[in-house]
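Welcome! Take a moment to look at the structure below, and then we will walk through a few of its features together.

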Amino acid sequence: MSDQLVWRKSSYSGVNGNCVEVAHIPANFRKSSYSGQSQNCVEVGSLPCGAAVRDSKNPAKGHLPFPAAEWDAFLSTAKL
């Protein structure tokens, strides 16, 4: 996996240098091993800058990304 996101300027930006850039999130989502046989679970995907979670029932509705420091803090708290 790449260590960096690849950012690009929107085609609607025109020649103005001030624009919003977007990056494709190359996450490979996987189900938690604690989910068992259930199809209804939260999936997690690794990102170059952290992690993302999404609903396995509605993956097309998007994901919620977390920076690495926040994801690490969540995992540390969840393990307690």
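## Buried or exposed?

A residue is called buried when its relative accessible area is under 20%, exposed when that value is over 50%, and partly exposed in between. Keep in mind that this is a predicted model.

W71 has a relative accessible area of 14%, so W71 is buried. F66 comes out at 25% relative accessibility, so F66 counts as partly exposed.

## Aromatic rings

Two rings can be described by how far apart their centres are and by the angle of their planes. How many aromatic pairs does a search of the whole structure find? The search finds two. One of them joins F66 and W71, with 5.9 Å from centre to centre and 35° between the planes. This pair is tilted, because planes under 30 degrees apart would count as stacked and those over 60 as edge-to-face.

F74 belongs in this picture too: ring pairs link F66, W71 and F74 into a cluster.

## The largest pocket

The largest pocket holds about 200 Å³ of space. Ten residues line this pocket, and the closest to its centre are S32, S33, V44, W71 and L75.

Which elements give two or more residues to the lining of the largest pocket? They are β3 (29-31), β4 (42-47) and α1 (68-78). With three residues, α1 gives the most. By type, the lining divides into six nonpolar residues, two polar ones and two charged ones.

## Strands side by side

β4 and β5 (residues 50-55) run antiparallel and are joined by six bridges. The two strands form a hairpin, with two residues between them. Across this pairing, S46 stands opposite A51 in β5.

β5 pairs with another strand as well: four bridges join β5 to β6 (residues 64-67), and these two also run antiparallel. Here G50 stands opposite P67 in β6.

## Cysteines

A disulfide is a covalent bond that connects the sulfur atoms of two cysteines. How many disulfides does a search of the whole structure find? The search finds zero.

C41 has 9% relative accessibility, so C41 counts as buried. C49, at 43% relative accessibility, counts as partly exposed.

Technical notes. Residues are numbered from 1 along each chain as its sequence is written. This is a predicted model: local features need pLDDT of at least 70, side-chain atom pairs count only at pLDDT 80 or more; totals for chains, interfaces and linings use all residues. Side-chain values use heavy atoms; hydrogens and water are left out. On a 1 Å grid over the protein atoms alone, a cavity is a set of points where a 1.4 Å probe fits but cannot get out, and a pocket is an open set with protein on both sides within 12 Å along at least five of seven lines; lining residues have an atom within 4 Å of a point. Grid points are joined across faces, edges and corners, and a volume is the space filled by probe spheres set on the points. Ala, Val, Leu, Ile, Met, Phe, Trp, Tyr, Cys and Pro count as nonpolar, Asp, Glu, Lys and Arg as charged, and the others, Gly among them, as polar. Rings of Phe, Tyr and Trp (its six-membered ring) pair if their centres lie within 6.5 Å; planes under 30 degrees apart count as stacked, over 60 as edge-to-face and the rest as tilted. Buried means under 20% relative accessible area, exposed over 50%, partly exposed in between (1.4 Å probe, protein chains only). Two strands pair if DSSP finds at least two bridges between them. A disulfide is a pair of cysteine sulfur atoms within 2.5 Å.
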